[in-house]
Amino acid sequence: MTGAPVPPGADAVVMIEYTSLQNDCVEITKTKRVAVGENIVAQGAEARRGSLVLDRGTRLNEAAIALAASVGKSRLQVFTRPRVAVLTTGDEIVALDGEIAPTQIRNSNSYSLAVQVQEAGGEPVLLPIAPDEPRRLRQLIEQGLQADLLLMTGGVSMGRYDLVEQVLAELQAEFFFTGAKIQPGRPVVFGRVPRGAGAPAREVFAPLDHKYFFGLPGNPVSTMVTFELFARP
């Protein structure tokens with residue numbers, strides 16, 4: 001039968017479909033010559049002792065689960081998909097179904113970033129549009145810091161109402177860089193905030209002392225480009 005041990009002395013197996021039984025004799029009806037090792041899986045063929053069967057970072061699908069079960073691994077160390085908060089800022093940004101004034105545009109960055117986050121393996125968390133008002137902006141940034149990573153669009157340039165860096169400084173943020181020599185995408189910001197500055201994080205990430213953030217440019221093309229270059233990795 002399939003999966004049974006090979007009888008001692010045998011070095012090939014012929015499928016029963018290629019045989020016929022007559023009394024106490026078996027006739028092999030296969031037209032081609034039977035090769036040594038045919039229909040035999042050697043012991044240890046799937047994996048050797050000490051070999052790697054599932055690499056770190058592998059997404060567990062049905063094949064990976066079956067492989068883990070076949071080697072007796074009933075418990076695996078896994079990681080949740082990172083939750084990535086997306087915060088679009090600016091009084092000029094209007095929700096998709098909102099009334100739009102001549103000096104305003106509808107929010108597209110939140111949705112393009114949500115797709116990019118999903119494609120990168122994360123779980124997007126869309127926050128309300130942040131106005132150009134420090135108190136409400138700070139509330140939304142603190143809310144975003146509850147996620148594993150915060151992405152902000154707009155408000156990181158040199159405009160009069162670009163308040164994001166100001167609010168982050170109040171939260172004791174450490175900036176690793178506040179610009180990049182690329183076009184589009186020059187005013188991109190990356191840094192981290194001490195954990196206590198925002199709301200408590202999920203306990204699974206409790207050992208980390210900081211929460212990281214990106215301030216991406218507000219231009220839609222720049223937003224997508226800087227995400228691919230900086231945030232996705």
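Residues are numbered from 1 along each chain as its sequence is written, and side-chain values rest on heavy atoms, with hydrogens and water left out. Because the model is predicted, local features need pLDDT of at least 70 and side-chain atom pairs count only at pLDDT 80 or more, whereas totals for chains, interfaces and linings use all residues. Helices (H or I, at least four residues) and strands (E, at least two) are DSSP runs, numbered from the N terminus.

Helix H5 spans residues 220–231, and within this helix Ser222, Thr223, Thr226, Phe227 and Ala231 are buried, where buried means under 20% relative accessible area, exposed over 50% and partly exposed in between, with a 1.4 Å probe and protein chains only. Seen down the axis of H5, these buried residues fall within an arc of 135°, so they line one face of the helix; the arc is that of the directions from the helix axis to the C-beta atoms. In general, an α-helix has 3.6 residues a turn, so residues three or four places apart point the same way. The buried residues of H5 pack against H2, strand S7 (149–153) and strand S10 (210–216). At the start of H5, the backbone nitrogen of Val221 has a side-chain oxygen of Asn219 within 3.0 Å, a polar contact being a pair of N or O atoms within 3.5 Å; within protein, one must be able to donate a hydrogen and the other to accept it, and residues adjacent in sequence count only if both atoms are side-chain atoms.

Asn107 is located in the loop between strand S5 (105–106) and helix H2 (109–119), and it counts as buried because its relative accessibility is 7%. A polar atom of the Asn107 side chain lies 3.4 Å from the backbone nitrogen of Asn109. When neighbours within four places in sequence are left aside, Asn107 is in contact (heavy atoms within 4.5 Å) with Thr88, Ile93, Val94, Leu96 and Ile129.

Other loops contain backbone features of note. In the loop between strand S2 (25–28) and helix H1 (62–70), Asn39 has a positive phi of about 60° although it is not a glycine, and Asn39 is partly exposed at a relative accessible area of 44%. Gln172, in the loop between helix H4 (164–170) and S8, likewise has a positive phi, near 65°, in a residue other than glycine; this residue counts as exposed, at 59% relative accessibility. Finally, Gln183 and Pro184 are joined by a cis peptide bond with omega about 5°, and Pro184 is placed in the loop between strand S8 (174–177) and strand S9 (189–194).
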